[in-house]
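Q: I have a structure open and would like to learn how to read it. Could you walk me through a few features, one at a time?

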Amino acid sequence: MGTAAVHLLLLLGLLHAGPGGEGRKGWRRRGPAARERGEAAAAAAAESFPLDFTAVEGNMDSFMAQVKSLAQSLYPCSAQALPHDLRLHLLHNASVTCNDGSPAGYYLKESKGSRRWLLFLEGGWYCFNRENCDTRYDTMRRLMSSREWPATRVGTGILSSQPEENPHWWNANMVFIPYCSSDVWSGASSKSEKNEYAFMGALIIQEVIKELVGKGLSTAKVLLLAGSSAGGTGVLLNVDRVAEQLEEMGYQGIQVRGLADSGWFLDNKQYRRTDCIDTITCAPTEAIRRGIRYWNGIVPERCKLQFKEGEEWNCFFGYKIYPTLRCPVFVVQWLFDEAQLTVDNVHLTGQPVQEGQWLYIQNLGRELRNTLKDVTASFAPACLSHEIITRNHWTDIQVKGTSLPRALHCWDRSLHESNKNGKAPLKGCPIHLIDSCPWPHCNPSCPTIRDQFTGQEMNVIQFLMHMGFDVQKMAQQQGLEPSKLLGMLSSDN
C-alpha cells in the first residue's frame, strides 16, 4: 500500500473517531475563529460527503492544509490546476443584452460534487434618463456594456474559493453576474429605435438561471441569490421570482434564499433637498419613480398589490418589500451607509461636520435600526461604509462578538433544521445582530478609516473628533463622565 493511501486511511480514521475517542485527542482546540471555520466547512462538506466532521471542528485550518497536501501528493497535476478564477460565459440568447445591446453574461466557477450554488448580483448605482445614462456610458462603460469584460475574474469575500477567506461557502458553485443594465436589476425593455438603451436586468437573471440549469443547477439543494448595493436591492426584487421560475421549470426541491448587502435603502427626507439633476443629488424616491418608467421596471406581484397603481417604486425600499417576500432573506446593512448619506446630501469631504449634519447622521442610524427590528436574519454594524460581502476583510467585522460568516452559518443551520421562520434560533448561534451604539464607528471592528486628504489611518477618537464629535455632550447623553467615555473609546471597548 502506498504512503499517500496510508495517510488517507489515517485521516479518515481520525474523521470517524467519536467525540470521546482516541482520535479526538490528537486535535488541539483553538480559538472561536478556528471553531467557526471548522463548523462552517463541515456543514458545506456534509452535503457532498458522508463524513463526521465533528472530530475536526476545532482545527479545521490544519485539516484543510492536510487535505490540500494529500490532494497534491495523490494528484500533483490536477491539484496544481485547481481553478480559482470564475470564467466568462456570454448568454446564448443574444436578445437579452446590456444597455448598449452587447450580450449580457455571467462568470462561473463550478464545484463538482457540491449541491450549493451562490449567484452574486453586482452593484453600481443606476441611471434614470437619457442625459445621465449618456454620462454613465462615457464614464462607466463597464457597467453598461460587456465589450471590455475580462475573460476571468477572481472571487473575493463570499465568492472566494479559499476556506480561510470564505469559511462557509468556499466549496460552492460560484456565479458572478456583472451589472450592465443600470436599472437596479428590474428592467424588462429592449433596445430599439425609440429606446437608445436596453434595460433588461430582471430578464438577465432569468436567462442566467435557464443556462445554469444545464450546467448542474438542476441538481442543486440550495441556491443563494446574493448581491451588494444595487445588487442587494436586486436580490429583494428578484429572489421570489427566481424561486417561482425554478418551480415552473420543475425544480421544486431547490431551496432559494437571498442575501442582500448594502441594498436596504431608506426613502427618508434628504438633509438638504436638491433638484433631481443627476443620480447622486436626486432623492432616491424621485430617482426610482423616474427610473421605473424609463426602464419599464417590474416588481414582485405580491409587493405591487400593496400599493396604488403608479406607486410601484415603493417596492425598491427594503423595509416595504421585505414583509411580502416568501423566500428567506438575510439582510446585511451598515447603519451609516455611505451611499445612503450621499443620496441624502450629507457629504463628508474632510471638513468637520456641522451640528445639524451630525444629528442627521445619528438619526439615520436610529431610523435604519428601527426598520430592521422585524427582520428575522440581519447583520447591521454601526459603521460608516458601503458593501461588505465581497471584501477580503468581511470576516473581521463583528456585531456583539459574532462575525458575519458565523451569522450566515447559523442562519443556514436554522433553515436546514426546518426552522423556516427562524423564530427559535439555535442556542449560541445568533442571526439577528444589530449594533445598539449610537454613532458611526462606535463598533471597534469597523473597517479602517483613512483621512481623505492625507490618506493616513484614523483611530476611533481621531475619526469622531474629525466628524465634529462633542465629547462633553455625548458623555452627558450616555450618562458618563467625559474621561470615562474617552477611555472606553481609546481601549476600543
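Q: Which residues does Glu165 touch, not counting residues up to four places away in sequence?
A: Contact means heavy atoms within 4.5 Å. By that rule, Glu165 touches Thr156, Gly157, Ser160, Asn392, Trp394 and Thr395, with residues up to four places away in sequence left out. Before we go on: this is a predicted model, in which local features need pLDDT of at least 70, side-chain atom pairs count only at pLDDT 80 or more, and totals for chains, interfaces and linings use all residues. Residues are numbered from 1 along each chain as its sequence is written, and side-chain values use heavy atoms, with hydrogens and water left out.

Q: Where is Glu165 found, and does it count as buried or exposed?
A: Buried means under 20% relative accessible area, exposed over 50%, and partly exposed in between (1.4 Å probe, protein chains only). Glu165 has 19% relative accessibility, so it counts as buried. Its place is the loop between β4 (152–154) and β5 (173–177). Those strand names come from DSSP runs numbered from the N terminus: strands are E, at least two residues, and helices are H or I, at least four.

Q: How far apart in space are Leu224 and Leu118?
A: Leu224 and Leu118 are 106 residues apart in sequence, and their C-alpha atoms are 4.8 Å apart in space. Leu224 is in strand β6 (residues 222–228) and counts as buried because its relative accessibility is 2%. Beyond four places in sequence, its contacts include Trp169, Leu259 and Trp411.

Q: Which residues touch the most other members of the largest nonpolar core?
A: A nonpolar core is a set of buried Ala, Val, Leu, Ile, Met, Phe, Trp, Tyr and Cys residues joined through side-chain atoms within 4.5 Å. The largest one here has 122 residues, and Leu223 and Phe330 touch the most other members. Helix α8 (residues 230–248) gives the most to this core, with eight residues.

Q: At what angle do α7 and α8 pack?
A: Axes are lines fitted to C-alpha atoms, for helices over the stretch in contact, and angles run from 0 to 180 degrees between N-to-C directions. Helix α7 (residues 201–213) and α8 pack at about 40 degrees, with axes 11 Å apart. Among the residues that meet are Ile205 and Ile209 in α7, and Val242 and Leu246 in α8.

Q: How many residues of α14 are buried?
A: Eleven of its 13 residues are buried, so α14 is largely enclosed by the rest of the structure. Trp411 is one of them.
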